[in-house]
Amino acid sequence: MTRVVLACAIGTGVVATAGGAAQAAPATEGGSKPVKTIEKGYALSCTGQSRGVTVAVDLYQNSAFGSHTSLSVETPDGEYGGGYGPEETTLFSNGTIAADIPVRKLDDTAEPAGNAVISGTYEAVGRPKPVHEVIEDPADHYVISKGTNIQLRTVATVDVLGERVPLSCSTSFAFDLTVWRLTPGQN
């Protein structure tokens with residue numbers, strides 16, 4: 001899982017905790033109450049290569065926190081990148097993946113280099129898996145998640161810098177979670 005998807009997933013409590021981690025909410029001091037959100041969405045992390053163009057793409061859509069994208073492109077002519085978030089943009093809808101990400105050269109000029117257009121399809125495979133996690137992020141801030149994740153089968157490409165690059169997605173899942181965030185001792 002790449003850093004952007006990992007950071008987003010940790011923020012929503014989608015990432016599994018280390019073995020043996022606590023499975024109940026930590027005790028609250030001073031009567032603090034957790035903030036509860038219902039979070040539904042998708043996480044996708046893909047890479048691809050075609051004719052000297054190497055691409056890494058992260059797409060993340062969360063009903064409570066909007067959509068986030070990240071793109072990294074390496075070519076013989078240099079490095080490019082782009083992304084946005086949070087935005088109220090739909091990236092995943094009815095089996096279709098669609099994103100349009102502005103791209104800039106990653107040098108002193110930061111020149112615009114057009115857009116990267118990610119397109120594809122997804123479908124749920126298998127059965128939803130239960131999620132029950134407690135994550136401390138950052139210190140003394142807890143994210144407690146309960147719900148389900150389901151694996152997605154994806155077929156996707158990105159059109160960037162005049163090249164169509166097929167993508168292979170190492171992370172691809174949908175989530176449906178109830179998430180509590182709390183800081184013990186805070187009122």
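The legends below describe close-up views of one predicted model.

Residues are numbered from 1 along each chain as its sequence is written. In this predicted model, local features need pLDDT of at least 70 and side-chain atom pairs count only at pLDDT 80 or more, while totals for chains, interfaces and linings use all residues; side-chain values use heavy atoms, with hydrogens and water left out.

**View 1**
Along the sequence the pattern runs α-β-β-β-β-β-β-β-β-β-β. Helices (H or I, at least four residues) and strands (E, at least two) are DSSP runs, numbered from the N terminus. The protein chain has 187 residues, and 42% of them count as buried. Buried means under 20% relative accessible area, exposed means over 50%, and partly exposed lies in between (1.4 Å probe, protein chains only). The chain exposes about 9,900 Å², with carbon and sulfur atoms supplying 51%. That area comes from the Shrake-Rupley method with a 1.4 Å probe; for residues, only the protein chains shown count as cover. Of the contacts between residues at least 6 apart in sequence, 61% join residues at least 24 apart. A contact means heavy atoms within 4.5 Å.

**View 2. The largest nonpolar core, with 28 residues.**
A nonpolar core is a set of buried Ala, Val, Leu, Ile, Met, Phe, Trp, Tyr and Cys residues joined through side-chain atoms within 4.5 Å. The residues with the most contacts inside this core are Val55, Leu59, Leu71, Phe92, Ile118, Val158 and Leu167. At least two core residues come from each of β1, β2, β3 (66-75), β4 (78-87), β6 (96-105), β7, β9 and β10. Strand β9 gives the largest share, five residues. Leu59 is shown with its partners beyond four places in sequence, including Tyr42, Leu44, His68, Leu91, Phe92, Ile97, Ile101 and Ile118. Apart from this core lies another, of eight residues, among them Ala43, Val143, Phe175 and Val179. In soluble globular proteins, nonpolar side chains tend to be buried together.

**View 3. Ser172, in strand β10 (residues 163-182).**
Ser172 is buried, at 2% relative accessible area. What does Ser172 contact, leaving aside its neighbours within four places in sequence? The partners are Ala43, Leu44, Ile150, Gln151, Leu152 and Thr154.

**View 4. The salt bridge between Glu163 and Arg51.**
A salt bridge is a side-chain nitrogen of Lys or Arg within 4 Å of a carboxyl oxygen of Asp or Glu. The N to O distance for this pair is 3.0 Å. Glu163 lies in strand β10 and Arg51 in the loop between β1 (35-50) and β2 (53-62), so the pair ties together parts 112 residues apart in sequence. Are the two partners buried or exposed? Glu163 counts as buried at 12% relative accessibility, whereas Arg51 is exposed at 73%. Side chains of opposite charge can pair when their charged atoms come close.

**View 5. Two further salt bridges, Glu123 with Arg153 and Asp159 with Arg164.**
The whole structure has four salt bridges. In the pair of Glu123 and Arg153, the closest N and O atoms are 3.1 Å apart. Glu123 is in strand β7 (residues 112-124) and Arg153 in strand β9 (residues 142-160), so this pair links distant parts of the chain, 30 residues apart. Glu123 is partly exposed at 42% relative accessibility. Arg153 is also partly exposed, at 48%. Asp159 and Arg164 meet at 2.8 Å, N to O. Asp159 is partly exposed, with a relative accessible area of 25%. Arg164 is exposed, at 52%.

**View 6. Thr37 in strand β1.**
Thr37 is buried, with a relative accessible area of 18%. Its side chain makes a polar contact with the side chain of Arg181, at 3.3 Å. A polar contact is a pair of N or O atoms within 3.5 Å; within protein, one must be able to donate a hydrogen and the other to accept it, and residues adjacent in sequence count only if both atoms are side-chain atoms. Beyond four places in sequence, Thr37 is in contact with Leu177, Thr178, Val179 and Arg181.

**View 7. Stretches where pLDDT is under 50, including residues 1-8.**
pLDDT is the predictor's confidence in each residue, from 0 to 100. The chain mean is 86, and 81% of residues reach 70 or more. Residues 1-8 have 16 contacts in the model beyond four places in sequence. Over residues 10-28 the pLDDT is also below 50, and this stretch has 49 contacts beyond near neighbours in sequence. Where pLDDT is low, the predicted coordinates should not be read in detail.
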